[in-house]
Amino acid sequence: MTETANDQPSSVADALTREHREIDAGIEAFVASMGASAGGPAGTVSEWAAPLLVAMTALRRHIYLEEEFVFPPIRDGGLVMAIMVMLREHGELWRAMDELSDLLETGADDPGRHEELVQRCSAMLDLLEAHNSKEEPIIYTRADADLPAESRAELQEFLRRGRMPDGWVCERASR
Ligand SMILES: [Fe+2]
Ligand SMILES: [Fe+2]
């Protein structure tokens with residue numbers, strides 16, 4: 001269910017949950033493609049790592065919009081501890097992505113590092129599972145009720161075509 005019958009935008013919770021699924025699917029597709037290419041992946045790094053690069057861009061943007069639009073009103077609504085946990089886990093995910101990006105830049109041509117790349121992706125999928133399985137029932141169920149109508153409209157607009165500002169890092173990117 002993405003849109004209601006009268007073509008109103010779907011709920012914030014639905015839209016954010018959909019992003020979780022898409023990001024997971026991108027990383028899983030990358031892991032599967034690495035498993036399928038016995039003689040090593042074909043083409044340039046930006047070609048064979050495309051599903052992972054796209055998923056990481058989407059995940060960074062997703063973390064940005066949560067920390068900018070979604071979390072503040074929910075924290076103000078009283079879920080202080082839960083938001084603190086979410087921010088800490090965003091920090092872990094952020095560092096995992098930085099490490100993956102470094103590995104893609106420096107070790108992608110070395111077939112010996114491909115196994116490490118796959119292992120790091122699996123570890124990131126585990127982090128995402130642990131994060132999303134709390135965020136969806138605890139935070140997202142509050143998103144539509146706690147966000148003022150104006151912020152909800154702003155967020156829906158951002159979800160359609162917004163870009164994370166250059167150089168933005170999440171609140172807990174460094175420990
Ligand atoms: Fe999150
Ligand atoms: Fe999320």
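## Helices and the position of Leu52

A helix is here a DSSP run of H or I that spans at least four residues, and helices are numbered from the N terminus. In this predicted model, Leu52 belongs to helix α3. The relative accessible area of Leu52 is 0%, so the residue is buried.

Apart from its neighbours within four places in sequence, Leu52 is in contact with Gly26, Ile27, Phe30, Leu100, Leu104 and Cys121. Leu52 and Ala29 are 23 residues apart along the chain, and their C-alpha atoms are separated by 8.1 Å.

## The nonpolar core

The largest nonpolar core holds 49 residues, of which Ile27, Leu65, Val70 and Ile139 touch the most other members. Helices α1, α3, α4, α5 and α6 each contribute at least two residues to this core. The largest share comes from α3, with 11 residues.

When residues up to four places away in sequence are not counted, Ile27 touches Leu52, Ala55, Cys121, Met124, Leu125 and Leu128. Leu128 is located in helix α5 and counts as buried, at 2% relative accessibility. Leaving aside neighbours within four places in sequence, the contacts of Leu128 are Ile23, Asp24, Ile27, Leu59, Leu93 and Ser133. Leu128 and Leu59 are 69 residues apart in sequence, while their C-alpha atoms are 9.9 Å apart in space.

## The iron ion (ligand 2)

The iron ion (ligand 2) is coordinated at 2.0 to 2.1 Å by His20 (NE2), His62 (NE2), Glu66 (OE), Glu135 (OE) and Tyr140 (OH). The spacing of these donors along the chain is H-x41-H-x3-E-x68-E-x4-Y. The iron ion (ligand 2) and the iron ion (ligand 1) are 3.3 Å apart, and Glu66 coordinates both.

Distant parts of the chain are linked by His20, in helix α1 (residues 12-36), and His62, in helix α3 (residues 50-76), which are 42 residues apart. His20 and His62 are both buried.

## Aromatic pairs

A pair of aromatic rings is described by the distance of the centres and the angle of the planes. The model contains 6 aromatic pairs. The ring centres of Tyr64 and Phe69 are 6.4 Å apart and the ring planes stand at 90°, so this pair is edge-to-face. Both Tyr64 and Phe69 are buried.

Phe69 also pairs with Phe158 in a tilted arrangement, with 5.5 Å between the centres and 45° between the planes. Phe69 lies in helix α3 and Phe158 in helix α6 (residues 149-161), so the pair ties together parts that are 89 residues apart in sequence. The relative accessible area of Phe69 is 13%, which means that Phe69 is buried. Phe158 likewise counts as buried, at 10% relative accessibility. Ring pairs join Tyr64, Phe69, Trp94, Phe158 and Trp168 into a cluster.

## Arg60 and the ring of Trp94

Arg60 is placed over the face of Trp94, a member of the aromatic cluster, at 5.9 Å from the ring centre. Arg60 lies in helix α3. With a relative accessibility of 17%, Arg60 counts as buried; the limit for this class is under 20%.

Not counting residues up to four places away in sequence, Arg60 touches Trp94, Met97, Asp98, Ser101 and Met164.

Technical notes: Residues are numbered from 1 along each chain as its sequence is written. Chains are lettered from A and ligands numbered from 1 in the order in which they are written. This is a predicted model: local features need pLDDT of at least 70, side-chain atom pairs count only at pLDDT 80 or more; totals for chains, interfaces and linings use all residues. Side-chain values use heavy atoms; hydrogens and water are left out. Donors are N, O and S atoms within 2.8 Å of the metal (3.2 Å for Na, K and Ca); water is not among the atoms, so sites may look incomplete. Buried means under 20% relative accessible area, exposed over 50%, partly exposed in between (1.4 Å probe, protein chains only). Rings of Phe, Tyr and Trp (its six-membered ring) pair if their centres lie within 6.5 Å; planes under 30 degrees apart count as stacked, over 60 as edge-to-face and the rest as tilted. A charge sits over a ring if NZ of Lys or CZ of Arg is within 6 Å of the ring centre and within 35 degrees of the ring normal. Contact means heavy atoms within 4.5 Å. A nonpolar core is a set of buried Ala, Val, Leu, Ile, Met, Phe, Trp, Tyr and Cys residues joined through side-chain atoms within 4.5 Å.
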